[in-house]
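Subject: Structure handover

Hello,

Here is the structure you asked for. My notes on it follow below.

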Amino acid sequence: MREPEPSAASEVGTQPEEADRLRDLLRNPAYQKTLAFSALIGIPVSLIAFWFLAGLHELEHLLWSGLPEDLGWDTPPWWWPLPLLAVAGVIVGLVVAYLPGAGGHVPASGLHSGGMSSAALPGVILAAAASLPLGATLGPEVPLIALGGGLALLFADLARAPMTPRSKALLGAAGAAAALSVIFGNPLIGAVILIEVAGVGGPQLFVVMLPALLSSGIGALVFTGFGRWTGLQTGSLSLTLGVPFPHLDAGDVVWSVLMAVAIAVVVHLLLSTGRLAAAFVARRPVVHTLLCALAAGACAAVYTLAVDRSPEDVASSGQAPLALLAADPHAWGVGALVAVLLCKGAAYALCLGSLRGGPIFPALFLGAAAGVLLAPLPGLGVVPGLAAGMAAASAAALRLPVSSVVLIVLLLGSADMIPVVILAAVVGFMTVELLPEGRSVPPVDEPAEAREE
């Protein structure tokens with residue numbers, strides 16, 4: 001007689017067990033309290049994150065637009081990034097050497113969902129305020145994760161709420177999602193990123209997802225309403241394409257795959273260089289952070305001298321240049337695109353290992369610039385090249401392919417490019433996973449005396 005297939009039976013048998021586990025988790029009073037607290041915590045976390053981002057945005061505008069105009073320049077002169085980044089290097093070096101938490105995660109190590117604490121908040125805020133407005137080639141997402149998670153835990157401590165290791169992790173993720181909801185222009189992206197960073201599945205996915213989604217949605221409401229009321233801007237990432245969406249053809253698909261491999265290899269090299277810079281900085285935090293920051297400023301100065309464009313194209317997160325590139329990709333000549341890729345890539349690698357910020361924004365710009373540069377290839381258009389470039393660079397930098405696809409599709413505001421976005425993200429992710437990892441980032445949470453010279 002033929003024996004029954006055990007695999008099919010076991011699969012059917014596990015489905016009720018998984019559903020029962022989920023129902024038990026959702027009925028747990030402790031989890032319900034955590035869910036309610038996540039909704040409440042999203043309001044103060046979002047308000048503080050709003051003022052934090054608004055302050056960074058206003059300071060950046062003052063240093064890179066207002067002050068140069070007051071001194072008689074239409075755009076910052078070529079040497080402008082050098083003193084600003086020197087100040088950033090000194091402040092961040094002192095934070096790393098002497099404050100708890102060393103100013104947050106080293107950007108070269110990628111995104112992390114754990115390790116957030118209320119004690120590290122002063123260092124995180126100070127390091128981000130010194131890095132981002134003064135010209136670090138980094139984005140604000142990593143400080144926002146640390147800020148949101150640390151604030152959530154701080155408010156829980158102030159409320160004397162009973163905490164378990166699981167509830168601490170859930171509250172930290174909810175606070176981080178609330179803080180992230182504005183910077184990407186959509187509350188869904190922050191929750192998806194944190195879920196994918198956590199690497200959970202099954203019922204555990206819903207356990208993490210629900211507080212993160214709830215807090216992220218409330219955070220987006222607070223950001224939107226408070227932004228309209230105050231009139232202040234926080235600099236959320238958004239794109240308006242100045243060229244129409246074409247119909248995809250075989251050339252777009254083939255070139256997107258090949259381009260994704262090349263972009264992923266380059267991003268991997270930049271991240272590996274960033275990890276080397278982090279090891280260099282760990283030996284003497286103050287002096288070596290200053291040297292790396294000055295070198296990043298020199299990259300911006302060389303770019304301006306070479307193509308006579310603003311050094312802010314290099315010495316920034318890339319958010320504003322990305323919006324300009326998407327709005328009018330033909331305004332960037334081949335020389336400007338090559339120069340910004342070389343100079344911003346070098347500055348990105350240096351800042352990844354020395355200053356404090358996130359890896360997403362510069363990676364998106366570098367991928368978009370590479371896509372526009374390669375757009376004249378036979379059969380490849382500007383929009384498919386830009387979309388595939390951003391998807392490949394984002395997936396390679398974050399190693400989060402699902403988050404990268406969601407982010408790029410929402411940024412483009414259209415489903416027309418979804419096939420090439422998915423292909424480029426998957427190929428970019430697989431490429432970096434198959435490449436050698438390289439040197440790991442040294443820990444930064446050891447005693448200050450052991451890190452300082």
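To begin with the surface, L67, L71, W73, W78, W79 and L305 make a nonpolar patch of about 580 Å². Patches are made of residues with over 30% relative accessible area and no salt bridge, like charges being joined within 9 Å and nonpolar side chains (Val, Leu, Ile, Met, Phe, Trp, Tyr) within 5 Å. Areas come from the Shrake-Rupley method with a 1.4 Å probe, and for residues only the protein chains shown count as cover. W73, one of the patch residues, sits in the loop between α2 (29-70) and α3 (81-98). Its relative accessible area is 32%, so W73 is partly exposed; buried means under 20%, exposed over 50%, and partly exposed in between (1.4 Å probe, protein chains only).

This is a predicted model, in which local features need pLDDT of at least 70 and side-chain atom pairs count only at pLDDT 80 or more, while totals for chains, interfaces and linings use all residues. Residues are numbered from 1 along each chain as its sequence is written, and side-chain values use heavy atoms, with hydrogens and water left out.

Overall picture

The protein chain has 17 helices and zero strands. Both are DSSP runs numbered from the N terminus: helices are H or I with at least four residues, strands E with at least two. Of the 453 residues, 52% count as buried. The chain exposes about 18,900 Å², and carbon and sulfur atoms supply 67% of that area. Of the contacts (heavy atoms within 4.5 Å) between residues at least 6 apart in sequence, 83% join residues at least 24 apart.

Confidence

The average pLDDT, the predictor's confidence in each residue from 0 to 100, is 81 for the chain, and 73% of the residues score at least 70. Where pLDDT is low, the predicted coordinates should not be read in detail.

Salt bridges

The structure holds two salt bridges, each defined as a side-chain nitrogen of Lys or Arg within 4 Å of a carboxyl oxygen of Asp or Glu. In one, E433 pairs with R399, with the closest N and O atoms 3.5 Å apart. This pair links distant parts of the chain, 34 residues apart: E433 is in helix α16 (residues 418-434), and R399 is in the loop between α14 (382-398) and α15 (401-412). E433 is partly exposed at 40% relative accessibility, and R399 is partly exposed at 24%. R309 forms a salt bridge with D313, where the closest N and O atoms are 3.2 Å apart. R309 is partly exposed at 26%, whereas D313 is buried at 8%.

The α10 to α11 loop

S317 lies in the loop between α10 (285-307) and α11 (319-327). S317 has 13% relative accessibility and therefore counts as buried. Its side chain reaches the backbone nitrogen of Q319 at 3.2 Å. Not counting residues up to four places away in sequence, S317 touches A136, L138, G139, K344, F361 and P362. D308 lies in the loop between α10 and α11 and is exposed at 69%.

Backbone angles

Most residues other than glycine have a negative phi. D308 has a positive phi of about 60° although it is not a glycine. A102, also not a glycine, has a positive phi of about 55°. A102 is in the loop between α3 and α4 (121-131) and is buried at 1% relative accessibility.

Regards

Definitions and conventions:
A polar contact is a pair of N or O atoms within 3.5 Å; within protein, one must be able to donate a hydrogen and the other to accept it, and residues adjacent in sequence count only if both atoms are side-chain atoms.
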